[in-house]
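Please read the points alongside the coordinates.

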Amino acid sequence: MSELNLKAVNLSLTASTSDVIYDALRDAIIRGEMAEGETIRQESVARLFSVSRIPVREALKRLEAQGLVTSVRYKGVVVASMSPSEIEEIFEFRGLVESKLIEYAVESMTPESLELAKGYCEAFAAETDPAKWGDLNRLFHSALYRDSGRPYYLEIVQGANDRVERYVRAQLDLTEGMARAKRDHDAILDACFKRDARKAVTLTAAHIHNAGQALIRFLRERSEG
């Protein structure tokens, strides 16, 4: 593995060493700081955090269960890659579940949640650093869904987002995806302020579908080029 780009912390101050390592690896993967197919050498990670390989193995098992890494014969654990068809399926799934989440949330959405979502929407639109777009996008949607009363749905959506986040970041950065995302966010937020659940559902489903299709086109054009 190339030089590790992880944030090491003082593990003596934490409750779970494997949790800290898991969070650091997960963050590096979804941010695209670790490339597809890159080998994650347990001894290098253990040395970085000054621990044995046991918590590293535990962290890698969790990442593998989430589809972020995979075990490859003769190479060990590597950062997982995804085909366009797999990505397309995840966006299809997201469209179904997130549409329900916003439907459940709109009628119960508190003024605090609406203002939180508005703040993230404005921050996303104003941000010029592509490295921050992904986080702000997820925070915006999470604020809209927080009053849905569906913690399991939220957990599953987070896992799905983790798997495609690195691709979405590239698509927003290298295509015109940001302009569309800004318009979509404004329209969805407006529907939520108006308590128009039906419109919010329609807009959310279209937003995710269009983003997924744009990403697939981007990936296919990149592979052909």
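Predicted model: local features only at pLDDT ≥ 70, side-chain atom pairs only at ≥ 80, totals over all residues.

1. Glutamate 43 and arginine 53 form a salt bridge, with their closest N and O atoms 4.0 Å apart; the term denotes a side-chain nitrogen of Lys or Arg within 4 Å of a carboxyl oxygen of Asp or Glu. Glutamate 43 belongs to helix H2 (residues 42-49) and arginine 53 to helix H3 (residues 53-65), so the contact ties together parts that are ten residues apart in sequence. Helices are DSSP runs (H or I, at least four residues), numbered from the N terminus. Glutamate 43 is partly exposed at a relative accessible area of 33%, and arginine 53 is partly exposed at 43%. Here buried means under 20% relative accessible area, exposed over 50%, and partly exposed in between (1.4 Å probe, protein chains only).

2. Residues are numbered from 1 along each chain as its sequence is written, and side-chain values use heavy atoms, with hydrogens and water left out.

3. The structure holds ten salt bridges. One of them joins the side chains of arginine 26 and aspartate 162, at 2.8 Å from N to O. Arginine 26 is in helix H1 and aspartate 162 in helix H7, so this pair ties together parts that are 136 residues apart in sequence. Arginine 26 counts as buried at 16% relative accessibility, and aspartate 162 is buried with a relative accessible area of 2%. A network of salt bridges links Arg26, Arg138, Asp162 and Glu165.

4. Within helix H4, the side chains of arginine 94 and glutamate 98 meet in a salt bridge of 2.5 Å, N to O. The two residues are four apart in that helix, a separation of about one helical turn. An α-helix has 3.6 residues a turn, so residues three or four places apart point the same way. Both arginine 94 and glutamate 98 are buried.

5. Helix H1 deserves a separate comment. Its 14 residues should span 20 Å at 1.5 Å a residue, and its end C-alpha atoms are 20 Å apart, which agrees; the expected span is 1.5 Å times one less than the number of residues. Ten of the 14 residues of H1 are buried, so the helix is largely enclosed by the rest of the structure. Among them are Ser18, Tyr22, Leu25 and Arg26. Glycine 32 follows H1 and has a positive phi, near 80°.

6. There is one aromatic pair, where rings of Phe, Tyr and Trp (its six-membered ring) pair if their centres lie within 6.5 Å, and planes under 30 degrees apart count as stacked, over 60 as edge-to-face and the rest as tilted. The ring centres of tyrosine 104 and tyrosine 153 are 6.2 Å apart and the planes lie at 55°, so the pair is tilted. Tyrosine 104 is in helix H4 and tyrosine 153 in helix H7, so the pair ties together parts that are 49 residues apart in sequence. Tyrosine 104 is partly exposed, at 28%, as is tyrosine 153, at 30%.

7. The largest pocket has a volume of about 830 Å³. A pocket is an open set of points, on a 1 Å grid over the protein atoms alone, where a 1.4 Å probe fits, with protein on both sides within 12 Å along at least five of seven lines; lining residues have an atom within 4 Å of a point. Grid points are joined across faces, edges and corners, and the volume is the space filled by probe spheres set on the points. The lining comprises 43 residues, and Arg94, Asn137, Arg138, His141 and Val168 lie nearest the centre. H7 supplies the largest share of this lining, ten residues.

8. The second largest pocket has a volume of about 280 Å³. Of its 14 lining residues, Gln66, Ile156, Gly159, Ala160 and Arg163 are the closest to its centre. H1, H4 and H7 each give two or more residues to this lining, and H7 gives the most, with seven residues.
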